[in-house]
Amino acid sequence: MAEVDQHEGEQDIEKKIEETRQRFKNEFLQDSTEKYDTRDLERLQTEDALVESYLSWRLYVVDDALKMIDESLQWRKEFGLNDLIESMVPKWMFETGAVYLHGYDKEGNKLFWFHVKLHVKDAKTALDKKKYVAFWLERYAKKEPGMPLTVVFDMTDSGLSNIDMDFVRYIINCFKVYYPKFLSKMIIVEMPWIMNAAWKIVKSWLGPEAISKLKFVPKSEALTYIGPEYLPPHLGGTDPFKYSYPPLPDDDFQTPIGDNGPIISEDDTESKEGELESRDALESIVPFSVTALMEQLAESD
């Protein structure tokens with residue numbers, strides 16, 4: 001009986017995929033195809049897994065998935081992701097070491113590091129910074145298709161001057177819209193005490209699904225999610241890795257890779273059951289500036 005139900009479920013998904021493709025063609029491609037990259041359109045027509053990732057992220061509601069696909073594909077063309085290469089990103093951005101891929105969490109998910117203290121809000125460089133993040137995400141998506149990421153916001157020694165709400169919302173949107181099913185969890189380490197007051201408001205907005213995906217931890221608890229071999233010493237780990245550029249840090253094969261990603265020991269394996277996908281609530285997880293916090297408090301009065 002279970003096999004029958006599974007077969008019927010697979011057939012339903014196939015129908016949803018075909019419906020999504022047909023409706024996208026009829027409703028979004030009739031007037032013009034110029035707002036999309038033809039290479040992305042080809043992938044949409046040929047890769048079932050891609051279409052299903054949008055559908056599953058939107059709970060198989062085709063209308064919602066179509067809006068997400070439209071927004072995602074327009075963004076991909078705007079940022080020229082299919083042609084975005086290292087030389088197209090300003091060299092100084094790589095040299096800061098503020099953002100990079102390195103190591104794995106205990107579940108075998110690649111770590112995407114954001115060292116917040118190295119980020120300074122500047123409207124003149126905002127677009128370049130967004131392309132910089134897009135470069136890393138696209139690089140990983142091509143190297144490890146279908147494998148999720150764990151984002152680590154290392155807020156050690158950061159302050160209000162490092163908090164850029166527009167940039168953080170963009171990062172959230174990358175996982176919320178542009179790269180469906182890409183996010184395993186977000187670990188926010190050492191959030192400054194001045195931001196703690198915001199947590200009460202944030203928690204009131206979040207459902208249990210989103211809360212289960214967010215991990216606000218002091219550095220003493222970072223080892224709960226990341227083994228010492230991939231944690232820097234200032235967070236209680238033993239990882240000797242020191243970011244430098246050039247070249248790009250490319251440690252994808254530091255850990256043996258199997259069919260399902262990096263091979264880790266049974267002791268380090270944690271079940272992913274119960275890790276539900278967060279969607280619209282993701283926008284609410286970021287640390288708040290004092291101004292934003294006061295505005296929210298005023299509205300709640």
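**Exercise 1.** State how far helix H6 reaches and which of its residues are buried.

*Solution.* Step 1: helix H6 covers residues 126-143, has 18 residues and reaches 26 Å from its first C-alpha to its last, close to the 26 Å expected at 1.5 Å a residue. The expected span is 1.5 Å times one less than the number of residues. Helices (H or I, at least four residues) and strands (E, at least two) are DSSP runs, numbered from the N terminus. This is a predicted model, in which local features need pLDDT of at least 70, side-chain atom pairs count only at pLDDT 80 or more, and totals for chains, interfaces and linings use all residues. Residues are numbered from 1 along each chain as its sequence is written, and side-chain values use heavy atoms, with hydrogens and water left out.

Step 2: apply the burial classes, which are buried under 20% relative accessible area, exposed over 50%, and partly exposed in between (1.4 Å probe, protein chains only). In H6 the buried residues are Lys129, Lys130, Tyr132, Val133, Ala134, Phe135, Trp136, Leu137, Glu138 and Tyr140.

Step 3: look for the cover over these buried residues. It includes helix H4 (62-78), helix H5 (91-96), E1, E2, strand E3 (149-154) and H7.

**Exercise 2.** Classify Asn173 as buried or exposed, and find its contacts.

*Solution.* Step 1: Asn173 sits in helix H7 (residues 165-178). Step 2: Asn173 counts as buried because its relative accessibility is 18%. Step 3: leaving aside neighbours within four places in sequence, Asn173 is in contact (heavy atoms within 4.5 Å) with Glu71 and Tyr178.

**Exercise 3.** Describe the backbone at Tyr60 and at Lys181.

*Solution.* Step 1: Tyr60, in the loop between helix H3 (48-57) and H4, has phi near 60°, a positive value in a residue other than glycine. Its relative accessible area is 26%, so Tyr60 is partly exposed.

Step 2: Lys181 lies in the loop between H7 and strand E4 (183-189). Phi of Lys181 is also positive, near 60°, in a residue other than glycine. Lys181 is partly exposed, at 39% relative accessibility.

**Exercise 4.** Locate the cis peptide bonds at Pro246 and Pro247.

*Solution.* Step 1: the bond joining Tyr245 and Pro246 is cis, with omega about -10°. Step 2: the bond from Pro246 to Pro247 is cis, with omega near -5°. Step 3: Pro246 is in the loop between strand E5 (214-217) and strand E6 (257-258), and Pro247 is found in the loop between E5 and E6.
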